[in-house]
Amino acid sequence: MKRNVVIKLFLLCAVLFAVSCSKSKTGEETTTPKTENKEVPVDKPFINIKVKNYPDATVKIDDVNRKIVISFAHPVQLKKMSLDFQLAGKVRLNTAQSTFDLLAPYSLNINNNTHQQKYTITGEVKAADYSGWTEDASFGELPTHIKLFKNISMQGKAGIAYFALVDLAKDPKFNVIGGASGVKTPSLFYEQLPAAQKPTILINSGYFTYSDVQGMYGVSLLIQEGTTVRHNTTSTDRLGKTYYMTRSAIGMERNGALEINWVYTDGINAPTYAYPAPAANIEGETPLSKPSLVFPANGRIWNAYMASGAGPIAAKDGKVVPFEKMKQELITGDGSANRPRSAVGLTSDNKMIVYVNQGNGFDGLGGYTWEEVGRELVKLGCYDVLHFDGGGSSCMLINGKPLIKGGEVDTPSAPNPNGAKQRAVATVVTIN
């Protein structure tokens, strides 16, 4: 009897154990589900965004549509925006870069408390103002990436001025022609080039002088295919004092990017330093220190592939440089006078403007000042503007034809079909 009871109890336990195992396997018993520990994204991941190289920029953040719009009231270099992000909580950028190309809307990916989000950053610049300028098709056929414009009333006074608009997105060929010594008229530079290398645009660029030993020779930076042929004059004596000068230049890097900088090169085999501002020398006052990598501030070695020095810089970061600051480059000549001018500018929408105006009394026109040219090119959308040698040296050719009556009639050089004579110069810039 007892034995039967024990057997029955054993069988009952076995059945209960089997049922329990079966329920565990089929999931018939209810258990409390586990919850994943995911953090909720914050509504406003950006506390603040600063544009370090343009502190006057206006930044608007639209968190609903995930858009960031950065607006500028003047031309800027959209390809190099230095941004500083102040982020909320555990928000992180999915990039370590601090400089952004805003020529086109930029997609910025962020990690918002483990949630991946994408914001679009757009740069907006005040539109260029072409009022007073008309397209000119009278100098022959031009490639699709180059257009020519003319103005007969600029900056509130009568004049004759031209500019060529070059689309840098189409990778035009930028070249600097000249040698360690010697000068030629712009037309002679053009004529001596092989037919396949004749440029659409040719304009005078660097400064030059004369000595009994060297004859006529250039005194502005000349870099060709990465080799420094000449450097800017390093110093000048004024009123019994020696001043070391940071004059300016335009140059192309190996990747095709163009820059306008204040520069200094201490000898033909020395590196060229570039600066965001010049050494603030004032004629008659105590000369400043010799330029180096650390003076003026924020210097860097500039490895330009092609470059031509000249000066002064007439506009920087979309703002016209005041005449008194232009004088810090210690260039001989009166930039406040009405004269022929040659200049080049870089625009916010990745174009280059190559400019020239008539003067010196031809057709009764005096010309324009350094500041007037700077103001006009900023109006046309340039963030940086550099003057080339002006006055009688100003000359620009389109398809080999001079745009203005330039030079001085008493200077022996090749004849200009417009009725004046060209002055021989040391360096020219060409664009195809």
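## A bridge inside one helix

Let's start with Glu376, which pairs up with Lys379 in a salt bridge, their closest N and O atoms sitting 3.3 Å apart. Keep in mind that this is a predicted model. The two residues are three apart in helix H4, so about one helical turn separates Glu376 from Lys379. Glu376 counts as buried, at 2% relative accessibility, whereas Lys379 is partly exposed at 24%.

Salt bridges can also share partners: Lys80, Glu259 and Arg300 are joined into one network that way.

## Bridges across the chain

In total, the structure has 14 salt bridges. One of them brings together the side chains of Lys319 and Asp56, at 3.3 Å from N to O. Lys319 belongs to strand S26, while Asp56 sits in the loop between strands S1 and S2, so this pair ties together parts 263 residues apart in sequence. Lys319 is partly exposed, with a relative accessible area of 46%, and Asp56 is partly exposed too, at 42%.

Another salt bridge joins Asp363 and Lys405, at 3.1 Å from N to O. Here the loop between strand S28 and helix H4 holds Asp363, the loop between strands S31 and S32 holds Lys405, and the two are 42 residues apart.

## Cores and a surface patch

Now for the nonpolar side of things. The largest nonpolar core has 65 residues, and Phe174, Met352 and Tyr355 make the most contacts inside it. Strand S11 is the biggest giver to this core, with seven residues. There's also a second, separate core of 20 residues, with Val51 and Tyr119 among them.

On the surface, Leu293, Val294 and Ile301 form a nonpolar patch with about 280 Å² of accessible area together. Ile301 is part of strand S23 and is partly exposed, at 44% relative accessibility.

Definitions and conventions. Residues numbered from 1 in each chain as written. Predicted model: local features only at pLDDT ≥ 70, side-chain atom pairs only at ≥ 80, totals over all residues. Heavy atoms only, no water. Core = buried A, V, L, I, M, F, W, Y, C linked by side-chain atoms within 4.5 Å. Buried < 20%, exposed > 50% of the residue type's maximum accessible area, 1.4 Å probe, protein only. Helix = DSSP H or I, 4+ residues; strand = E, 2+ residues; numbered from the N terminus. Patch = residues over 30% accessible without salt bridge, like charges linked within 9 Å, V, L, I, M, F, W, Y side chains within 5 Å. Areas by Shrake-Rupley, 256 points an atom, 1.4 Å probe, with all protein chains shown as cover. Salt bridge = Lys/Arg side-chain N within 4 Å of Asp/Glu carboxyl O.
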